[in-house]
Amino acid sequence: RTKKIRSSFTVDELTREFEVGPHNVVVRPVEERDAIDLYRTILRNRRNLQQIDPTFGSKVKNLGCVVEGVQENMLALQQKRALPMVIVANGTLAGEIGFLFLDWDRLVGYIGYWLSPEFQGKGIMSTAVENLIKIGFEDLGLEHVDITTRRTNSPSRRIAERLGFTYQSGIRDEVRGFAHRLTGGLIRAGNVQYDIYTLSSANATTDAAKARRPMFFQREFKKLASSDHTFTNVL
């Protein structure tokens, strides 16, 4: 069944953009040409982003790191392992969103996102996540979507709660000195706790808590994806 779902659409069908409300915002698949703007956006907002997630961008040493990360994401898209997208507001690259990993065995999509501070508070990310959920359920045939966010990241948690996600109190993802990759650079996460939210489709045949894998920061991660490039929610 999962093979049929995965082969029932082409990459070209995935690579379509959508608009977000009245804000002149477009969400589209990431392209290699985005690396320069991504790098500039991260540099411009490094301090603000690190206030939300201290690990974010801490090892983005040069443009080459971001280029490598974009290339990894584009490869994951071609292999249907992920759906990486960028958020463009008024012609400015404002952030990223997407399915960081598509678990075709359990039909779970793991959502990640970040947005530049000057574009926050306008409902852009909530609407973008809502559209991504629709793509996951209606186009990809997913049964569950997941948002994993730092426990201290209240804005990101509010997005999940506003969109009807269920807080999975029985699941914990913890990082104790585990190094993982972010936009091509190795970072040290230290002692960080993450909260997990899930949303299930009306046609789900499995329980979300059982289907959801501890993929980001536990041992299974390297088994689940050939690329360990990821980003956590820092909005």
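The dialogue below goes from the whole chain to single strands, helices and residues.

Trainee: What should I know about the origin of the model and its numbering?
Mentor: This is a predicted model, in which local features need pLDDT of at least 70 and side-chain atom pairs count only at pLDDT 80 or more, while totals for chains, interfaces and linings use all residues. Residues are numbered from 1 along each chain as its sequence is written, and side-chain values use heavy atoms, with hydrogens and water left out.

Trainee: How many helices and strands does the protein chain have?
Mentor: Helices (H or I, at least four residues) and strands (E, at least two) are DSSP runs, numbered from the N terminus. The protein chain has 8 helices and 11 strands.

Trainee: What percentage of the residues of the protein chain count as buried?
Mentor: Buried means under 20% relative accessible area, exposed over 50%, and partly exposed in between (1.4 Å probe, protein chains only). Of the 235 residues, 54% count as buried.

Trainee: How do I read the two faces of a strand, taking β5 as the case?
Mentor: In a regular strand the side chains alternate between the two faces of the sheet. For strand β5 (residues 108–115), 8 of its 8 residues are buried. One side carries V108, Y110, G112 and W114, the other G109, I111, Y113 and L115, and both faces are covered.

Trainee: Which strands do bridges join to β5?
Mentor: Two strands pair if DSSP finds at least two bridges between them. Strand β4 (residues 92–103) runs antiparallel to β5 and is joined to it by 8 bridges; within this pairing, G98 has G112 as its bridge partner. Strand β6 (residues 144–150) runs parallel to β5, with 4 bridges, and I147 in β6 stands opposite I111. Between β5 and β6 the chain passes through helix α5 (residues 124–139), a β-α-β crossover that is right-handed. Right-handed means that, with the strands pointing away from the viewer, the path from the first strand over the helix to the second runs clockwise.

Trainee: Where does L107 lie, and is L107 buried or exposed?
Mentor: L107 is in the loop between β4 and β5, a hairpin with 4 residues between the strands. Its phi is positive, about 55°, although L107 is not a glycine. L107 is buried, at a relative accessible area of 2%.

Trainee: Which other residue has a positive phi without being glycine?
Mentor: K80 does, with phi near 60°. K80 lies in the loop between α4 (63–78) and β3 (83–89) and counts as buried at 15% relative accessibility.

Trainee: What does the side chain of N45 make a polar contact with?
Mentor: A polar contact is a pair of N or O atoms within 3.5 Å; within protein, one must be able to donate a hydrogen and the other to accept it, and residues adjacent in sequence count only if both atoms are side-chain atoms. N45 is in helix α3 (residues 34–52) and is buried, with a relative accessible area of 3%. Its side chain makes a polar contact with the side chain of S116 (3.2 Å), and a polar atom of that N45 side chain lies 3.0 Å from the backbone oxygen of T41.

Trainee: Which residues of helix α6 are buried?
Mentor: In α6 (residues 154–162) they are S156, I159 and A160. Seen down the axis of α6, these fall within an arc of 95° (taken from the directions from the helix axis to the C-beta atoms), so they line one face of the helix. Just after α6, G164 takes a positive phi of about 90°.
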